[in-house]
Amino acid sequence: MIDETKIMQYADGTLPVEEHEEVKKAIESDPKLKELYNNFQKTGDLLFKLGNEIKSQTLPKNLQEKANIIKTWKKPEAKEFGSFNFFGLFKIQYAGVAAACCLMFVAGFYADTFISGKNTKSGNEVIALNQSIDVPKDLKFRGMPKQDEDLSTRVTNLYRYFNQDQFIQDINSTIDDLEINEEFETSLEDNDGKRVKFLLVENFNANGNNCKKVAFNEPLRLSENDQGTDVTLDICKIKNNYEISSINLSK
Amino acid sequence: MKEKLDENFVKSLVVIALGIVKGKSDPYELVNGAMEYLISNKEKYMDHPNIKAIAVLKMKGLFIDEIRKNQKLSSMTDNEGNDLQVIDEKQNDISERIGLKDETKKVLSAIKTMGEKCREILMLAADDLSYKDIAKNIETPIGTVMSRLAKCRKELKGLVA
């Protein structure tokens, strides 16, 4: 039975994959359910914006002081930074990417152009792809706004390290066979030549497209000041191939 | 999953506090009270697997205390038998103080007109918590969380339409 919680889950991208088809058909055939689905999408976005806007405000002094106290309680849990230490690798070619990504982070950006760093034989370059993806309006580039972080450097170094074409090529044929929480490798290697491991975190739906959230299996140290950034990738199947729809950085 | 304790944790509490307070109460004061509580009980909570739920519970307790205090004050009279006027310095709308944009201000104002359960669950959702984490924070079964959230979101849509 399709009740409103199923519609809400579908709109939020949290409905189990095996139920997608049934819910999708119900929405397509019933205008009331379609309206409900649209409303859930709208309220989901409104709440997300509300939360982000509140969090983007500076804390009052007394709360900031308390935040500083609890920060000293515990450093992030044991992290093997050696493999993922990319600070100090900034290259001017990536400045454009960094600036663009910072704008995305601050604005809670909905992208229909995907900007990326790309490694070519002649060197590194910045590319902007106008992809004909059916769902970009609902796919988000999310990150927690922080005023004290060297975000541009972190984003820059992530792109220096992460070759999205190679990643997509590697996972396209295998990712559908993975179970949630299953770890997997691609041909991507870190600076020490060690294979980078990923984790399939969840399956979700974005506007009827099958999507997956994939996480780097350990925090990345993306800048000198970075104490560890959790990086996840949202990838969606579009025209039988997976594409990266968003990259999420959080501390 | 353990919370990372930093300013984003505190900012999360501000979002959630906005769902707890009503009227002229100050969400920052609730957060401050909860943070003081956590800091003074550091040994007990620093490794707690769900420290946010502890903070949420504390904020609710503080809010109830505040209501009781205000009720007590409003029932008091001065020497001549006149009702005591409680001077409230927090008259300003909190969304003005926070400096929200018009659209989000409208959403927050709408949420503030809703019942306690809806305010609470919508602001937990605004904190971008999963249904499961919302359920943990308010100690409610996940099925109840989902049906309540769906109902409250429908109500919210009606209010902001």
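In this predicted model, 41 residues from chain B and 33 residues from chain A make up the contact of the two chains. On the side of chain B that touches chain A, the elements giving two or more residues are α1, α2, α6 (102–112), α7 (116–126) and α9 (142–160) of chain B. Of these, α9(B) provides the largest share, nine residues. Sorted by class, the side of chain B that touches chain A holds 25 nonpolar, five polar and 11 charged residues.

Two of the helices named above, α1 and α2 of chain B, also pack against each other. Two packed helices are described by the angle between their axes and the distance between the axes. Helix α1 (residues 7–20) of chain B and helix α2 (residues 27–40) of chain B have axes that come within 8 Å and cross at roughly 125°. Angles of 65 to 115 degrees count as roughly perpendicular and those over 145 as roughly antiparallel, so α1(B) is oblique to α2(B). The crossing of α1(B) and α2(B) is right-handed.

| Helix | Residues in the contact |
|---|---|
| α1(B) | B:Val10, B:Leu13, B:Val14, B:Ala17, B:Leu18 and B:Ile20 |
| α2(B) | B:Pro27, B:Tyr28, B:Leu30, B:Val31, B:Ala34 and B:Met35 |

By class, the contact of α1(B) with α2(B) consists of 12 nonpolar residues, with no polar and no charged residues.

Attention now turns to the fold of chain A. Chain A contains seven helices and seven strands, and along its sequence they follow the pattern α-α-α-α-α-β-β-α-α-β-β-β-β-β. Chain A has 251 residues, of which 33% count as buried. Among the contacts in chain A between residues at least 6 apart in sequence, 58% join residues at least 24 apart.

Five strands of chain A form an open sheet in the order β3-β4-β5-β6-β7, with antiparallel pairing. At its edges stand β3 (183–189) and β7 (241–250) of chain A, each of which pairs on one side only. Neighbouring strands of this sheet are turned by 35° against each other on average, direction ignored.

How many bridges join β6 and β7 of chain A? Strand β6 (residues 230–238) of chain A and β7(A) pair in the antiparallel sense over nine bridges. In β7(A), A:Leu249 stands opposite A:Val231.

Technical notes: Residues numbered from 1 in each chain as written. Chains lettered and ligands numbered in written order. Predicted model: local features only at pLDDT ≥ 70, side-chain atom pairs only at ≥ 80, totals over all residues. Axes fitted to C-alpha atoms, helices over the stretch in contact; angles between N-to-C directions. Helix = DSSP H or I, 4+ residues; strand = E, 2+ residues; numbered from the N terminus. Parallel < 35°, antiparallel > 145°, perpendicular 65-115°, else oblique. Left-handed = near helix turned anticlockwise from the far one by under 90°. Contact = placed C-beta atoms within 7 Å. Nonpolar A, V, L, I, M, F, W, Y, C, P; charged D, E, K, R; others polar. Buried ≥ 20, exposed ≤ 12 C-beta atoms within 10 Å, placed from the backbone. Pairing = 2+ DSSP bridges.
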